[in-house]
Amino acid sequence: MSSSEPERKATPATTFAHAGDPDQRDDVRTAELIARVVCDVPGVAGLSPGHGGTAATHGPGKAVVGVVVHHHANDSLVFEVHVVVAEAYLESMLARSRTSAATPDAAQAGVLPALAEAIRSHIARAVQDTEIRVPTSVDVYFDDLR
Amino acid sequence: MSETHVEPSTSRQIPPEKTSSRAATPVDTSIAPPTTSIAPTTVQAVQLDSGRGKTIIADTVVAKIAAAAAREVDGVHELVSLGAGAAIAGIAGRLTRADQRTTGVSVEVGQREAAIDLNVTVDYGVSIPQVADAVRQNIIDRVRFMTGLVVKEVNFNAADLYFSEEHAAAQPRVQ
């Protein structure tokens, strides 16, 4: 626990460097949108705070847990989403594979990698209609199964 | 004498391969055993996707999938944790209502491969090697299907036997 303390402090320190900057509020708004979109993807049971509970986007008065917006130095935008997988979804995919109607995607790469791709496309589609930049990449963390 | 010299050298070549395929990063593997026993809670599988981002599957997820696959096999009574430390952790976990679904499973995940250790209580009356093989196959298939990870090894430890009511009653007793 004590080892995760410095990390937790480090994240707000960097984001609060531009406190009052509209960019930062945008990050929270972006994270909220991403969180909503990801939760709607079939197979996602919810968002997870990640190992050590540090995965969140912090803003004034609130924090979006499970989604981190990274602005990297090379001007790339990376979304980090921490997902709890629905166990029922895995079971249904398994049942479907037994009746030989598995999606070729899942059969090739595995259910979870396919789900990660689905999350990415959902985010890409949701971002299209807004003024949010298209992310350079979306890192999907499967943290737990529920 | 020359033959006995060959054997140790070939057997010595195998462990580095094994450890390098298991380890997530090519760290110095000479001290791998102590680190891997601590690592599973923090080490995660990283699978790089084509430019759209990383997909990271936590050890917990792989462990839960493996445990579910193992429990499905007939002859597997329960998965149990081993050792005094594990027993204490088990009691603490039960008291705090921690998730019991990863009990008895430890997972090491690399980039594309995984190794899984199991502690199993086996039903009395079944062939343990056959149950072990069935468990192995089921885990390999299931983890491959769910996560895309290749399971390199499943180490099956029959930790105890479970006697059902009828078997317990049928035990001849010497008095």
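The exercises below concern a predicted model, and each task is followed by a worked solution.

**Exercise 1. The fold of chain A**

Task: Describe the secondary structure of chain A, and state what share of its residues counts as buried.

Solution: Begin with the inventory, which for chain A comes to five helices and six strands. Then turn to burial: of the 146 residues of chain A, 45% count as buried. Finally, consider the contacts in chain A with a separation of 6 or more, of which 65% are accounted for by residues 24 or more positions apart.

**Exercise 2. A backbone angle in a loop**

Task: Determine where A:Asp75 lies in chain A, and whether it is buried or exposed.

Solution: Locate the residue in the chain, where A:Asp75 falls in the loop between strand 4 (67-71) and strand 5 (77-85) of chain A. Its phi is positive, at about 65°, although A:Asp75 is not a glycine. As a point of reference, most residues other than glycine have a negative phi. For the accessibility, compare the relative accessible area of A:Asp75, 58%, with the cut-off: exposed means over 50%, and therefore A:Asp75 is exposed.

**Exercise 3. The nonpolar core around B:Leu118**

Task: Identify the residues with the most contacts inside the largest nonpolar core, and examine the surroundings of B:Leu118.

Solution: The largest nonpolar core has 67 residues, and those with the most contacts inside it are A:Ile119, A:Phe142, B:Leu118 and B:Ile139. Take B:Leu118, which is found in strand 5 (residues 113-123) of chain B. Because its relative accessible area is 1% and the limit for buried is under 20%, B:Leu118 counts as buried. Leaving aside neighbours within four places in sequence, the contacts of B:Leu118 include B:Ala70, B:Leu79, B:Val135, B:Ile139 and B:Phe156. B:Val105 is also in contact with B:Leu118; these two residues are 13 residues apart in sequence, while their C-alpha atoms are 4.8 Å apart in space. Now take B:Ile139, which, when residues up to four places away in sequence are not counted, touches B:Ala66, B:Ala69, B:Ala70, B:Ile116, B:Leu118, B:Val151 and B:Val154.

**Exercise 4. The interface between the chains**

Task: Characterise the contact between chain B and chain A by its residues, its buried area and its polar pairs.

Solution: Start with the residues, of which 24 come from chain B and 30 from chain A. The area buried between the two chains is about 2,200 Å², and carbon and sulfur atoms give 51% of this area. On the side of chain B, B:Arg52, B:Phe145 and B:Met146 supply 32% of the area that chain B buries against chain A, more than any other three residues. For the polar part, the rule finds 16 residue pairs in polar contact across the interface (both at pLDDT 80 or more). As for the elements involved, strand 2 (54-57), helix 3 (59-72) and helix 5 (128-147) of chain B each supply at least two residues of the side that touches chain A. By residue class, that side of chain B divides into seven nonpolar, nine polar and eight charged residues.

**Exercise 5. Salt bridges across and within chains**

Task: Which residue forms a salt bridge with B:Lys64, and how do the two partners compare with the burial cut-offs?

Solution: The structure holds nine salt bridges over all chains. B:Lys64 forms one with A:Asp144, the closest N and O atoms being 2.7 Å apart. This pair crosses between chains, from helix 3 of chain B to strand 6 (residues 137-145) of chain A. B:Lys64 has a relative accessible area of 3% and is therefore buried, under the 20% limit, whereas A:Asp144, at 25%, is partly exposed.

For a bridge within chain B, consider B:Asp133 and B:Arg136, whose side chains meet at 3.1 Å, N to O. Because they are three residues apart in helix 5 of chain B, these residues are separated by about one helical turn. B:Asp133 is partly exposed at 48% relative accessibility, and B:Arg136 is likewise partly exposed, at 27%. Elsewhere, salt bridges that share partners join A:Glu117, A:Arg120 and B:Arg52 into one network.

How values were computed:
Residues numbered from 1 in each chain as written. Chains lettered and ligands numbered in written order. Predicted model: local features only at pLDDT ≥ 70, side-chain atom pairs only at ≥ 80, totals over all residues. Heavy atoms only, no water. Core = buried A, V, L, I, M, F, W, Y, C linked by side-chain atoms within 4.5 Å. Buried < 20%, exposed > 50% of the residue type's maximum accessible area, 1.4 Å probe, protein only. Contact = heavy atoms within 4.5 Å. Helix = DSSP H or I, 4+ residues; strand = E, 2+ residues; numbered from the N terminus. Buried area = accessible area lost by both parts, 1.4 Å probe. Polar contact = N/O pair within 3.5 Å; in protein donor to acceptor, adjacent residues only side chain to side chain. Nonpolar A, V, L, I, M, F, W, Y, C, P; charged D, E, K, R; others polar. Salt bridge = Lys/Arg side-chain N within 4 Å of Asp/Glu carboxyl O.
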